[in-house]
Amino acid sequence: MQAIEHKRMIGGDDIKVKDIVVIKCGGSTISELSDAFFKSVVQMKNSGKYPIVVHGGGPMINQLLQKLEIKSEFVDGLRKTTEDVLETAEMVLCGRVNKQLVTNIQLAGGLAIGLSGCDAKLIEVKPINEGMLGFVGEPIAVNTSLLNSLLEQDMIPVIAPIGINKLGKHYNVNADSAAGAIAKALQADQLVFVTDVDGILKDGECLQTVVAEEIEEMVIDGTIYGGMIPKVNAALATLADVESVMIMNGKDTTIQEDGSIKGTVITKSHVQTHV
């Protein structure tokens with residue numbers, strides 16, 4: 001991905017970029033997110049952090065595509081997006097999924113606002129390979145001014161990964177890419193990947209902190225295996241642009257006494273980092 005353009009500098013003196021936490025919720029976990037997860041997002045906000053939620057919705061999109069008898073396929077892990085698939089993805093992501101997450105955060109005591117990347121050109125994109133993938137875009141600019149304005153008003157933005165190009169055309173965006181772009185543009189303190197596991201486990205215990213250089217060794221010795229491997233690879237790719245990346249369980253969230261969340265924090269060096 002090319003460098004993200006900063007459309008505007010940080011707008012408010014009250015927000016420190018080091019307090020921003022971008023939380024990426026995968027579509028496969030959204031329906032199983034616990035009440036404790038949403039309470040933890042609100043508790044994070046109440047403790048002085050500024051959470052931003054970016055979500056997917058793949059399984060729900062698949063269900064609606066099947067119901068509408070619209071063919072869908074994946075190329076190199078990305079959903080090939082025709083006009084019909086894009087329209088269906090927008091209905092699911094910007095409607096059902098986005099508003100349910102907003103509602104759940106508000107039931108937990110927070111003030112949330114649902115957006116897509118099209119709103120105020122929040123996520124400007126260019127097509128990755130229109131001939132092969134159709135309407136699938138990669139972020140090239142993020143409207144940081146809009147996000148900072150919402151954060152200044154104590155709102156928790158909840159963002160659906162539908163982007164827009166300079167001509168006003170909508171594109172499907174991979175949720176990991178959208179979350180990474182937003183974290184990078186805001187120079188966020190942390191990017192959190194919400195999964196269905198507690199984090200990186202060793203001898204049955206969740207590791208609190210792992211240094212980036214240790215990841216390859218842990219893959220070789222089998223500590224990290226299976227579905228955790230692509231997660232740590234995505235974390236390492238993002239770590240170049242944020243201070244730390246966290247992997248946590250959204251199904252059984254554990255809130256610590258200091259307001260931090262149980263999970264594994266991957267850092268560039270041996271520095272303890274808390275959400």
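Analyst: The model is a predicted one. The count of aromatic pairs comes to 2. Phe-135 belongs to the loop between α5 (130–133) and β8, whereas Tyr-171 belongs to strand β11 (residues 170–172), so the contact ties together parts that are 36 residues apart in sequence. Phe-135 has a relative accessibility of 15% and therefore counts as buried, the cut-off being under 20%. Tyr-171, at 3%, is likewise buried. The ring of Phe-135 has a further neighbour: Lys-169 lies over its face, at 4.4 Å from the ring centre.

The other pair is formed by Phe-37 and Phe-38, whose ring centres are 5.2 Å apart; their planes stand at 75 degrees, so this pair is edge-to-face. Phe-37 and Phe-38 are both buried.

The loop between β6 (112–116) and β7 contains Ala-120. Most residues other than glycine have a negative phi. Ala-120, however, has a positive phi, near 50 degrees. Ala-120 is partly exposed, at a relative accessible area of 48%. Asp-203 also has a positive phi, of about 55 degrees, without being a glycine. This residue is located in the loop between β13 (201–202) and β14 (205–206). With a relative accessible area of 77%, Asp-203 is exposed.

Turning to open space, the largest pocket has a volume of about 720 Å³. It is lined by 30 residues, of which Lys-24, Gly-27, Asn-174, Ala-175 and Asp-176 are the closest to its centre. At least two lining residues come from each of α1 (27–30), α3 (58–67), β5 (78–79), α7 (175–185), β12 (190–195) and α9 (228–239). Sorted by class, the lining comprises 13 nonpolar, 12 polar and 5 charged residues.

How values were computed:
Residues numbered from 1 in each chain as written. Predicted model: local features only at pLDDT ≥ 70, side-chain atom pairs only at ≥ 80, totals over all residues. Heavy atoms only, no water. Helix = DSSP H or I, 4+ residues; strand = E, 2+ residues; numbered from the N terminus. Buried < 20%, exposed > 50% of the residue type's maximum accessible area, 1.4 Å probe, protein only. 1 Å grid on protein atoms, 1.4 Å probe; cavity = no way out; pocket = protein on both sides within 12 Å on 5 of 7 lines; lining within 4 Å. Points joined across faces, edges and corners; volume = space filled by probe spheres on them. Nonpolar A, V, L, I, M, F, W, Y, C, P; charged D, E, K, R; others polar. Phe/Tyr/Trp six-rings, centres within 6.5 Å; stacked < 30°, edge-to-face > 60°. Lys NZ or Arg CZ within 6 Å of the ring centre and 35° of its normal.
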